[in-house]
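I set out to record, entry by entry, what I looked up in this structure.

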Amino acid sequence: MRKFINLSKYRQKELNSNFPELFEIYGAEDSSQFKRIAVSVFDHWLTREEFQNDYPSREEHLQRNEALYNFAKVMAANTEVLNFKFKGKWDKCYPCFRKFSSTRI
């Protein structure tokens, strides 16, 4: 099981000011400051038909998982990776940022 360490109050305030629309983004609402991206392990975006008819073999499934895992390792090695959860209720909800206590991906 992964463990997390809460960031300092100063860092929490800094991140909250950097990501004021985090609750809206988390709720899949549009944001004027941030853009969404998507990552694929395929060499092209799948059409609906390709997706619906995709029944990979076990070997292919493992290869796709490894490609996604390797991408995650590269991203984690080159960027700061944090976890967050929301505390509070509805209109008084705020994010609590945490860092990972292990490097396992």
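**Entry 1. Arginine 98.** I located Arg98 in strand S3; strands (E, at least two residues) and helices (H or I, at least four) are DSSP runs, numbered from the N terminus. The model is a predicted one, in which local features need pLDDT of at least 70, side-chain atom pairs count only at pLDDT 80 or more, and totals for chains, interfaces and linings use all residues. Residues are numbered from 1 along each chain as its sequence is written, and side-chain values use heavy atoms, with hydrogens and water left out.

Is Arg98 buried or exposed? I found Arg98 to be buried, yet without a salt bridge. Buried means under 20% relative accessible area, exposed over 50%, and partly exposed in between, with a 1.4 Å probe and protein chains only. A salt bridge requires a side-chain nitrogen of Lys or Arg within 4 Å of a carboxyl oxygen of Asp or Glu. The nearest side chain of opposite charge to Arg98 is that of Glu80, 13 Å away; Lys and Arg count as positive, Asp and Glu as negative, and His and the chain ends are not counted.

Which side chain makes a polar contact with that of Arg98? I noted Asn83, at 2.6 Å. A polar contact is a pair of N or O atoms within 3.5 Å; within protein, one must be able to donate a hydrogen and the other to accept it, and residues adjacent in sequence count only if both atoms are side-chain atoms. I then listed what Arg98 touches, leaving aside residues up to four places away in sequence: Phe4, Ile5, Asn6, Leu7, Leu82, Asn83 and Lys85. Contact here means heavy atoms within 4.5 Å.

**Entry 2. The strand pairing.** I next examined S2 (residues 82-87) and S3 (residues 94-100), which pair in the antiparallel sense over 6 bridges. Two strands pair if DSSP finds at least two bridges between them. Opposite Lys99 in S3 stands Leu82.

**Entry 3. Aromatic pairs.** How many aromatic pairs does the structure hold? I recorded 3. Rings of Phe, Tyr and Trp (its six-membered ring) pair if their centres lie within 6.5 Å; planes under 30 degrees apart count as stacked, over 60 as edge-to-face and the rest as tilted.

Phe4 and Phe100 form a tilted pair, because their ring planes stand at 55°, with the centres 5.2 Å apart. This pair links distant parts of the chain, with Phe4 in strand S1 (residues 4-6) and Phe100 in strand S3, 96 residues apart. Phe4 is partly exposed at 32% relative accessible area, and Phe100 is partly exposed at 24%.

The rings of Phe84 and Phe97 also form a tilted pair, 6.1 Å centre to centre with 50° between the planes. Phe84 belongs to strand S2 and Phe97 to strand S3, so this pair ties together parts 13 residues apart in sequence. Phe84 is partly exposed at 30% relative accessibility, whereas Phe97 is buried at 5%. I also noted that ring pairs link Phe84, Phe86 and Phe97 into a cluster.

**Entry 4. Salt bridges.** A search of the whole structure gave me 4 salt bridges. One of them joins Glu14 and Arg11, at 2.9 Å from N to O. Both residues lie in helix H1 (residues 9-18), 3 residues apart, about one turn of the helix. Glu14 is partly exposed at 30% relative accessible area, and Arg11 is partly exposed at 21%.

Arg64 forms a salt bridge with Asp54, the closest N and O atoms being 2.6 Å apart. Arg64 lies in helix H4 (residues 58-78) and Asp54 in the loop between helix H3 (48-52) and H4, so the bridge ties together parts 10 residues apart in sequence. Arg64 counts as buried at 17% relative accessibility, whereas Asp54 is partly exposed at 27%.

Arg64 also meets Glu60 in a salt bridge of 3.1 Å, N to O. Arg64 and Glu60 are 4 residues apart in helix H4, about one helical turn. Glu60 is partly exposed at 28%. Elsewhere, salt bridges that share partners join Arg11, Glu14 and Glu80 into one network.
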